[in-house]
Amino acid sequence: SLKGGWYSVHITHNPDTRSSGATVEEEVIGMGRVIGDGGWYFHICDMAILPEHQRKGLGGAIMGALMQRLKDVAEPGFVCNLFADPPGRKLYANYGFVESPGELGMMQWVGGKGEKKGEGWWTTNT
């Protein structure tokens, strides 16, 4: 799995090079990662598909593989959560994820290694 993860899946693509004869290396076009304690608590993170490869069922293939691994290895009664942006909610619902009543996902920008607020991947007006 990716460093720091409990389990991860990635999909690669090797562009068709028959017409040009050029050799092109495979590129990663989608991935998903699970972090957790290895027993009962897990979080699905880093789900991503390159835009030009979206809407082809790849997100479902990744989710299917992640969920199957959890079902095969995690303790009975395990809990898995995730943060779902609007475009991904239907996909996650297809795998049994529902909104947590009375709960709200929260996060805090911390920064690191000299990064100043607003310079990193997460910019905010607060």
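A charge sits over a ring if NZ of Lys or CZ of Arg is within 6 Å of the ring centre and within 35 degrees of the ring normal. The model is predicted: local features need pLDDT of at least 70, side-chain atom pairs count only at pLDDT 80 or more, and totals for chains, interfaces and linings use all residues. Residues are numbered from 1 along each chain as its sequence is written, and side-chain values use heavy atoms, with hydrogens and water left out.

**View 1. Arg-69 and the ring of Trp-6.** The charged end of Arg-69 sits over this ring. Its distance from the ring centre is 5.9 Å.

**View 2. The aromatic cluster.** Trp-6, Tyr-7, Phe-42 and Phe-78 make up one cluster. Tyr-7 is partly exposed, at 23% relative accessible area (buried is under 20%, exposed over 50%, partly exposed in between; 1.4 Å probe, protein chains only).

**View 3. The salt bridge of Arg-33 and Asp-46.** Their side chains meet at 2.5 Å, N to O. Arg-33 lies in strand 2 (residues 27–36) and Asp-46 in strand 3 (residues 41–49), so the pair ties together parts 13 residues apart in sequence. Strands are DSSP runs (E, at least two residues), numbered from the N terminus. Arg-33 is buried, with 17% relative accessibility. Asp-46 is partly exposed, at 37%. The count is 1 salt bridge (a side-chain nitrogen of Lys or Arg within 4 Å of a carboxyl oxygen of Asp or Glu).

Definitions and conventions. Helices (H or I, at least four residues) and strands (E, at least two) are DSSP runs, numbered from the N terminus. Rings of Phe, Tyr and Trp (its six-membered ring) pair if their centres lie within 6.5 Å; planes under 30 degrees apart count as stacked, over 60 as edge-to-face and the rest as tilted.
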